[in-house]
Amino acid sequence: MVTVLVTGATGFVGRRLVTTLAERGDTVRAMTRRPADYEGPGDPVYGDVDDPDSLSEALHGVTVAVYLVHSLGDDDFERKDAEAARAFGRAAAGCGVQQIVYLGGLGADDDQLSPHLRSRREVEECLGEAGVPVTVLRAAIVVGAGGISWEITRQLVKNLPAMVVPKWVATRTQPIALDDVVVYLAGVIGNDEAKDRVFDIGGPDVLTYLDMMRQAAAEMGRRVPPILTVPVLTPSLSSHWIAFVTDVDTTTAKNLIDSMSTEVVVTDGDAVRAVVPHQPMTYRESVRKALRDAEAVAS
């Protein structure tokens, strides 16, 4: 039986993954800074990636560790995320962990990567520096109730009668449903074929951000608002604009927007399907699922 530690167990992806792993019979540890408040499946354990001394106890006896931690809400996120990943990798190696699974970000490996995506690449390397085999799943926007990127799309469509948008809305991306991300994560955990490999994951649709807003509006039963694209709108101005019309904070919005001028599409979808056979849902299907899940939580 596999013992899996899930960091970020109370987060957007983590809470869904913990449920899936527990349902299939894995022994699950949910790492959190507030274990006394944890109400999900699995065994809550204290751990904080910013406190290296707390990690060995959380990782003791663990077969696979899933790393779902980032600091997008911090202005110094690149340094903090690298230090945390390096400490986690060392602790995992010291405890005999056999695999680390990390959810990273899509994007070509070149000097055009945004600070956000560049940080995700650095974390991939830092996690494996101490020798534990790392499996990386690289995704673009993850569509699901409560996800930051989806909430930006949903709230923009819901709240604005018209949109003045920057030119990055024409950038292509390949969104994927939360449910499909969880399938892929669960599929590579403890899978020897996946160790020390990087996989691109995405849904079947390659869309611009403007396409996504239009399709989301249609699924929400709303009239698509008039849209005017302006050639120059800096990440800083864009982040203040998003913070004004959504509940996403300015720092997180800016760090995400920095990446929206970078095309993020799958370059090799066959690789992951050979290891985890699965057909992900379309963008419209993922939007409908996110809306249903939000309604279920609200009711």
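## Helix packing, a cavity and selected residues

Trp150, Thr153 and Arg154 in helix α5 meet Tyr283, Val287, Ala290 and Leu291 in helix α11, where a contact means heavy atoms within 4.5 Å. By class, this contact of α5 with α11 has five nonpolar residues, one polar residue and one charged residue; Ala, Val, Leu, Ile, Met, Phe, Trp, Tyr, Cys and Pro count as nonpolar, Asp, Glu, Lys and Arg as charged, and the others, Gly among them, as polar.

The model is a predicted one, in which local features need pLDDT of at least 70 and side-chain atom pairs count only at pLDDT 80 or more, while totals for chains, interfaces and linings use all residues. Residues are numbered from 1 along each chain as its sequence is written, and side-chain values use heavy atoms, with hydrogens and water left out.

### The chain and its helix pair

The secondary structure of the chain comes to 11 helices and 13 strands, and these are DSSP runs numbered from the N terminus, with helices (H or I) of at least four residues and strands (E) of at least two. Of the 299 residues in the chain, 53% are buried; buried means under 20% relative accessible area, exposed means over 50%, and partly exposed lies in between, with a 1.4 Å probe and protein chains only. Among the contacts in the chain with a separation of 6 or more, 78% are between residues 24 or more positions apart.

Two packed helices are described by the angle between their axes and the distance between the axes. Helix α5 covers residues 148-159 and helix α11 covers residues 283-298, and the two pack at an angle of about 85° with their axes 12 Å apart. Here the axes are lines fitted to C-alpha atoms, for helices over the stretch in contact, and angles run from 0 to 180 degrees between N-to-C directions. Helices α5 and α11 are therefore roughly perpendicular to each other, since angles of 65 to 115 degrees count as roughly perpendicular, those under 35 as roughly parallel, those over 145 as roughly antiparallel and the rest as oblique.

### The second largest cavity

Rolling a probe the size of a water molecule over the atoms shows where empty space is left. The structure holds two cavities of 30 Å³ or more, a cavity being a set of points, on a 1 Å grid over the protein atoms alone, where a 1.4 Å probe fits but cannot get out, and lining residues having an atom within 4 Å of a point. About 60 Å³ of space lies in the second largest cavity; grid points are joined across faces, edges and corners, and a volume is the space filled by probe spheres set on the points.

The lining of the second largest cavity includes Arg16, Val143, Asp179, Met281, Lys289 and Ala290. Both α6 (178-188) and α11 supply at least two residues of this lining, and the largest share, four residues, comes from α11. By class, the lining divides into six nonpolar, two polar and four charged residues.

### Residues in helix α7

Helix α7 (residues 209-219) holds glutamine 215, which is buried, with a relative accessible area of 19%. Not counting residues up to four places away in sequence, glutamine 215 touches Leu207, Tyr283 and Arg284. Glutamate 219 also lies in helix α7, but at 21% relative accessibility this residue counts as partly exposed. Leaving aside neighbours within four places in sequence, glutamate 219 is in contact with Arg284, Val287, Arg288 and Leu291.

### Residues in a strand and in loops

Threonine 3 lies in strand β1 (residues 3-6) and counts as buried at 14% relative accessibility. Its contacts, not counting residues up to four places away in sequence, include Thr27, Arg29 and Gly61. Tyrosine 38, in the loop between β2 (27-32) and β3 (43-46), is likewise buried, with a relative accessible area of 13%. Among the residues in contact with tyrosine 38, beyond its neighbours within four places in sequence, are Ala9, Val18 and Pro44.

Glycine 96 is found in the loop between α3 (77-94) and β5 (99-105), and is partly exposed, with a relative accessible area of 46%. Aspartate 196, in the loop between α6 and β11 (197-200), counts as exposed at 60% relative accessibility. The phi angle of aspartate 196 is near 55°, a positive value in a residue other than glycine.

The table lists C-alpha to C-alpha distances for pairs of residues.

| Residue pair | Separation in sequence | C-alpha distance |
|---|---|---|
| Threonine 3 and glycine 25 | 22 residues | 9.8 Å |
| Glutamate 219 and arginine 284 | 65 residues | 7.1 Å |
| Tyrosine 38 and alanine 9 | 29 residues | 9.1 Å |
| Glycine 96 and valine 62 | 34 residues | 7.7 Å |

How values were computed: On a 1 Å grid over the protein atoms alone, a cavity is a set of points where a 1.4 Å probe fits but cannot get out, and a pocket is an open set with protein on both sides within 12 Å along at least five of seven lines; lining residues have an atom within 4 Å of a point.
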